[in-house]
Amino acid sequence: MASYVAPFRQKSQEGPTNPLRFGLELGCFAGFIWGAIHWLFYTLNFTKVIPGFLGEPFFHHGFLKSGAGQLAGWLMFIVLSVIASVIYVLLFRKLKGPWPGIIYGIVWWCVIFAAAGPPLHMTKPLNQLGWNSIVSEFCLFLLWGLFIGYTIAFEFTDERMREPKRAKA
């Protein structure tokens, strides 16, 4: 009886995964998915941080509140996700488990909302943001980091690929 190999695993048997390409692809998906969730959070009033907050240094605030501005913000979130994924895959791809990704997301939240965001006018200072926004954005970035980190960890530390192939019975 021939053993079944899932189609998505066949590609990895051809050779090792290209880290840069994997980081670029993952970043696009992470930005698309979690940018949409951020937009949903904003639409449902879980956060006051507009979806285009990453564009504040480059665009007028009024534009970023429009539909086109929200789309531009979503695209900027995709770009941020690509950058974050490539950094993670190049520096931390050998770390196992979910915790490195969670910590990575928290670090990005700290950089954006505590360090760089207020001086660049991307976000209000934390003491002016409100608890709903702080908690929503923190959870969003924590899960975003988990998505990136755990996906990369699963791809690059998969122990099943190192096991010898079993003899056919």
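This is a predicted model: local features need pLDDT of at least 70, side-chain atom pairs count only at pLDDT 80 or more; totals for chains, interfaces and linings use all residues.

Me: What share of the residues is buried?

Reply: 40% of the 169 residues in the protein chain count as buried.

Me: How much of the contact set comes from residues 24 or more positions apart?

Reply: Taking contacts in the protein chain with a separation of 6 or more, 71% come from residues 24 or more positions apart.

Me: OK, on to the inside. Which residues have the most contacts inside the largest nonpolar core?

Reply: F53, F141 and W144, in a core of 30 residues. Helix 2 (19-43), helix 4 (67-92), helix 5 (99-116) and helix 7 (131-156) each supply at least two residues of that core. Helix 7 gives the largest share, with seven residues.

Me: Let's zoom in on F141. What does F141 touch?

Reply: Not counting residues up to four places away in sequence, F141 touches F53, F77, L80, G105, W108, W109, I112 and F113. F53 turns up there too, and F53 is one of the residues with the most contacts inside the core.

Me: There's a histidine I'm curious about, H38. Where does H38 lie?

Reply: H38 lies in helix 2.

Me: Buried or exposed?

Reply: H38 is buried, because its relative accessible area is 2% and the cut-off for buried is under 20%.

Me: What's H38 in contact with?

Reply: Leaving aside its neighbours within four places in sequence, H38 is in contact with T47, V49, I50, P51, F53, E137 and L140. As for V49, H38 and V49 are eleven residues apart along the chain, and their C-alpha atoms are separated by 8.9 Å.

Me: Changing topic: how many disulfides?

Reply: The count comes to zero disulfides. As for individual cysteines, C28 is partly exposed, with a relative accessible area of 41%. C139 also counts as partly exposed, at 37% relative accessibility.

Me: Fine. Which residues form the nonpolar patch on the surface?

Reply: V79, I83, I87, L90, L91, F92 and L95 form that patch, with about 600 Å² of accessible area together. V79, for one, has its place in helix 4. V79 is partly exposed, with a relative accessible area of 47%.

Me: How are E25 and R21 placed in helix 2?

Reply: E25 and R21 are four residues apart in helix 2, so about one helical turn separates them.

Me: And how accessible are E25 and R21?

Reply: E25 is partly exposed at 34% relative accessible area, and R21 is partly exposed at 47%.

Me: Great, that's what I was after.

Terms used:
Residues are numbered from 1 along each chain as its sequence is written. Side-chain values use heavy atoms; hydrogens and water are left out. Buried means under 20% relative accessible area, exposed over 50%, partly exposed in between (1.4 Å probe, protein chains only). Contact means heavy atoms within 4.5 Å. A nonpolar core is a set of buried Ala, Val, Leu, Ile, Met, Phe, Trp, Tyr and Cys residues joined through side-chain atoms within 4.5 Å. A disulfide is a pair of cysteine sulfur atoms within 2.5 Å. Patches are made of residues with over 30% relative accessible area and no salt bridge: like charges are joined within 9 Å, nonpolar side chains (Val, Leu, Ile, Met, Phe, Trp, Tyr) within 5 Å. Accessible areas come from the Shrake-Rupley method with a 1.4 Å probe; for residues, only the protein chains shown count as cover. A salt bridge is a side-chain nitrogen of Lys or Arg within 4 Å of a carboxyl oxygen of Asp or Glu.
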